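Reader: Please take a close look at one residue in this model. I would like its setting first, then the whole chain around it.

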Amino acid sequence: MVKSDETTLLITGDITKPVEKQLLENADLGNVGLVTLPHHGSNSSSADVFVNSLQADYGVVSSGWRNRYGHPRKPVIDRWSATGTRIFNTADSGMQVFRWERGSATPVIDSWRTNHASFWNR
């Protein structure tokens, strides 16, 4: 977890529901500005209680285009979206850059594939 005056970032990696439970029991997470969806948005993560507790503004799914695992899973995306989390999937938009200006709770978001496409992808 990374905290600043403007926001909190939670970088989850490949955690599963049992680890999410441990985080909720042992860390003061509070509301999160940006979360990386656990385990690429797989069904083994993003328990209701975890998602509802974070109330994240933004969520990033790190996944590959047409990956063989089918990540992220639709029920997981629906769960996060139901809490108002705005979801970005790197498989669709490429790298995401979030930049918070001092004193602002709203980030400037740069979707790399959209804003910096190679000439052959335009």
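Author: Leu 23 counts as partly exposed, because its relative accessibility is 26%. The model is predicted; local features need pLDDT of at least 70, side-chain atom pairs count only at pLDDT 80 or more, and totals for chains, interfaces and linings use all residues. Residues are numbered from 1 along each chain as its sequence is written, and side-chain values use heavy atoms, with hydrogens and water left out.

Leu 23 sits in helix 1, residues 17-26. Helices (H or I, at least four residues) and strands (E, at least two) are DSSP runs, numbered from the N terminus. Set aside neighbours within four places in sequence, and Leu 23 is in contact with Ile 15, Leu 29 and Phe 50. Contact means heavy atoms within 4.5 Å. Phe 50 is 27 residues from Leu 23 along the chain, and their C-alpha atoms are 8.8 Å apart.

Now the chain. Take contacts between residues at least 6 apart in sequence: 64% of them join residues at least 24 apart. The chain has 5 helices and 7 strands. Their order is β-β-α-β-α-β-α-β-α-β-β-α. The radius of gyration is 15 Å, close to the 14 Å of the globule rule for 122 residues, so the chain is as compact as a globular protein of that length. That radius is taken over C-alpha atoms; the rule is 2.2 Å times the number of residues to the power 0.38. Buried residues make up 39% of the 122.

Definitions and conventions
Buried < 20%, exposed > 50% of the residue type's maximum accessible area, 1.4 Å probe, protein only.
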